[in-house]
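Thanks for coming, everyone. Please have the structure open while I talk.

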Amino acid sequence: MRPDADVEPGTLLVAAPTLLDENFRRTVVYVIDHRGEGTLGVVLNRPSEVPVHDVLPAWGDHVSEPQSLFVGGPVEQKTALCLAALRTGEDASSLKGVISVRGPVALVDLDADPDQLAPRVKGLRVFAGYAGWDVDQLAGEIERGDWIVVPALPNDVLAPVDQDLWGRVLRRQGMPVSLLATHPGDVRLN
């Protein structure tokens, strides 16, 4: 079985405590697409200081708190991606300007009219850049132990920035994975 067999749209890649690459250290990546050509996702827990309103004025008032851009990953950081959590009863296939990822989570077309979409979503988050892996690259990183693949909850996409999403996601896993949430950021300080 391939190491990335459990990866699919709507799963999370949680950085292992031993992954020290500054782009991904203690990150939680939401997978948007995973297929033969590669994998695409966004880092959920890296808010920036840049208000969405400064970059996408039409969307600024509609995004979830803290209303700032999130650093979605190291690839194409001048590209913006937007994820939405749809309200209960809304179906992505019947909404203009969205593409279903999984369950109530959808990818938003930022050329769509935000005033028409906003009432139909629980929240929106805009990401500058994304995380991407070529064919077999992610499988190799999972096999090496860099990533833990876990199911996502719809609320993960809109997690409050004052919560430790990385630790929270790990804690809700079974043993022994949940113990990783207690791993100190720097073992020398333990």
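This is a predicted model: local features need pLDDT of at least 70, side-chain atom pairs count only at pLDDT 80 or more; totals for chains, interfaces and linings use all residues.

Together E7 and E8 make a hairpin, with two residues between them. Glycine 103 is in the turn, and its phi is positive, about 55°. There is another facing pair here: isoleucine 99 is opposite leucine 107 in E8.

Strand E6, residues 75-86, is joined to E8 by four bridges, and the two run antiparallel. Which residue of E8 stands opposite alanine 85? It is valine 105. So much for the pairing; one general point on strands. When a strand is regular, its side chains alternate between the two faces of the sheet.

Now step back to the whole chain. The secondary structure comes to four helices and 10 strands. From the N terminus, the order is β-β-β-β-α-β-β-β-β-α-β-α-β-α. The radius of gyration is 16 Å, close to the 16 Å that the globule rule gives for 190 residues, so the chain is as compact as a globular protein of that length. Along the principal axes, the C-alpha trace spans about 50 × 40 × 30 Å.

How much of the chain is buried? Of the 190 residues, 45% count as buried. The chain exposes about 9900 Å², and carbon and sulfur atoms supply 50% of that. Take the contacts with a separation of 6 or more: residues 24 or more positions apart account for 64% of them.

Next, salt bridges. In general, side chains of opposite charge can pair when their charged atoms come close. The count for this model is nine salt bridges.

The side chains of arginine 2 and aspartate 136 meet at 2.9 Å, N to O. This pair links distant parts of the chain, 134 residues apart. Arginine 2 is in the segment before strand E1, and aspartate 136 is in the loop between strand E9 and H3. Arginine 2 counts as partly exposed, because its relative accessibility is 44%. Aspartate 136 is partly exposed too, at 46%. Arg2, Asp4 and Asp136 are linked in a network of salt bridges.

The next one brings back arginine 102. Its side chain meets that of glutamate 8 in a salt bridge, 2.3 Å from N to O. Glutamate 8 lies in the segment before E1 and arginine 102 in strand E7, so the pair ties together parts that are 94 residues apart in sequence. Glutamate 8 is partly exposed, with a relative accessible area of 33%. Arginine 102 is partly exposed at 40%.

Then arginine 172 and aspartate 156. Their side chains meet in a salt bridge at 2.5 Å, N to O. Arginine 172 follows helix H4, while aspartate 156 is in the loop between E10 and H4, so the bridge ties together parts 16 residues apart in sequence. Aspartate 156 is buried, at 1%.

Two more residues before I stop. One is aspartate 146, in the loop between helix H3 and strand E10. Why does aspartate 146 count as buried? Because its relative accessibility is 10%, and buried means under 20%. Its side chain makes a polar contact with the side chain of arginine 144, at 2.4 Å. Beyond its neighbours within four places in sequence, aspartate 146 is in contact with Val14, Ala15, Ala16, Leu19 and Glu141.

The other is serine 68, in strand E5, residues 68-71. Serine 68 is buried, with a relative accessible area of 8%. Which residues is it in contact with, leaving aside neighbours within four places in sequence? They are Pro47, Ser48, Val50, Pro51, Val52 and Val126. A polar atom of the serine 68 side chain lies 3.2 Å from the backbone oxygen of serine 48. Histidine 53 is 15 residues away along the chain, and its C-alpha atom is separated from that of serine 68 by 7.9 Å.

That is the tour. Thank you.

Conventions: Residues are numbered from 1 along each chain as its sequence is written. Side-chain values use heavy atoms; hydrogens and water are left out. Two strands pair if DSSP finds at least two bridges between them. Buried means under 20% relative accessible area, exposed over 50%, partly exposed in between (1.4 Å probe, protein chains only). A polar contact is a pair of N or O atoms within 3.5 Å; within protein, one must be able to donate a hydrogen and the other to accept it, and residues adjacent in sequence count only if both atoms are side-chain atoms. Contact means heavy atoms within 4.5 Å. The radius of gyration is taken over C-alpha atoms; the globule rule is 2.2 Å times the number of residues to the power 0.38. Accessible areas come from the Shrake-Rupley method with a 1.4 Å probe; for residues, only the protein chains shown count as cover. A salt bridge is a side-chain nitrogen of Lys or Arg within 4 Å of a carboxyl oxygen of Asp or Glu.
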